[in-house]
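Here is a quick walk through one chain, from its overall layout down to a few individual residues. Keep the viewer open as you read.

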Amino acid sequence: MPRYFFHTQIGDDLISDPTGIELRDPDEAWETARHTIRAALRERPDQARLMTACLIVADAAGEVVLEFPFSEAVTLPTPDDPILH
C-alpha cells in the first residue's frame, strides 16, 4: 500500500509528518485528511488560526497528492439538525 504524509501548513510555518501512514489510495487519504482536520478543530475550538491552516498530503516521492484547507472540513448544520441552546 502507498504511504501518505500529512503536513500541516499554517501561514509560513510547516509542520512536517516524518512517518506518514499507509493507505489504500488517494480517496482514503482525502477521508483521513478530513477526519484529521475535524479532530484537530474539535480538540482546539478556540484557535481561529487553525481555520487558515492547510493539510498538505504528499506521497512517498514527495509529490503533493492533495491540499485540504481546514476551513473546507467545517460543516454547517442542516435544517434537520436539532438546535441546542
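## Ground rules and overall layout

A contact here means heavy atoms within 4.5 Å. With that in hand, residues 24 or more positions apart account for 47% of the chain's contacts with a separation of 6 or more. Bear in mind that this is a predicted model, where local features need pLDDT of at least 70, side-chain atom pairs count only at pLDDT 80 or more, and totals for chains, interfaces and linings use all residues. Numbering starts from 1 along each chain as its sequence is written, and side-chain values use heavy atoms, with hydrogens and water left out.

The chain has one helix and five strands, running β-β-β-α-β-β along the sequence. Those elements are DSSP runs numbered from the N terminus: helices are H or I with at least four residues, strands are E with at least two. Of the 85 residues, 31% are buried, where buried means under 20% relative accessible area, exposed means over 50%, and partly exposed is anything in between (1.4 Å probe, protein chains only).

## How the strands pair

Start with E4, which is mostly covered: five of its six residues are buried. Two strands pair if DSSP finds at least two bridges between them. E4 pairs with E1 in the antiparallel sense over six bridges, and Thr8 stands opposite Leu55 of E4.

E4 also pairs with E5, again antiparallel, over five bridges. Here Val57 has Leu66 in E5 as its bridge partner. E4 and E5 form a hairpin with four residues between them, and Gly62 in the turn has a positive phi of about 90°.

In soluble globular proteins, nonpolar side chains tend to be buried together.

Ala29 sits in helix H1 and counts as buried because its relative accessible area is 0%. Beyond its neighbours within four places in sequence, Ala29 is in contact with Tyr4, Phe6, Leu23, Val57 and Leu66. Ala29 and Val65 are 36 residues apart in sequence, with 8.7 Å between their C-alpha atoms.

Val65 belongs to strand E5 and is partly exposed because its relative accessibility is 31%. Leaving out neighbours within four places, Val65 is in contact with Tyr4, Pro26, Val57, Ala58 and Asp59. Its C-alpha atom is 9.5 Å from that of Phe5, 60 residues away along the chain. Ser71, in the segment after E5, is partly exposed too, with a relative accessible area of 38%. From Ser71 to Arg38 is 33 residues in sequence and 9.8 Å in space, C-alpha to C-alpha.

## The largest pocket

The largest pocket holds about 170 Å³ of space. On a 1 Å grid over the protein atoms alone, a pocket is an open set of points where a 1.4 Å probe fits, with protein on both sides within 12 Å along at least five of seven lines; lining residues have an atom within 4 Å of a point. Points are joined across faces, edges and corners, and the volume is the space filled by probe spheres set on them.

The lining consists of Phe6, Thr8, Ile15, Thr36, Ala40, Arg44, Leu50, Leu55 and Phe70. E1 and H1 are the elements that give two or more residues to it.
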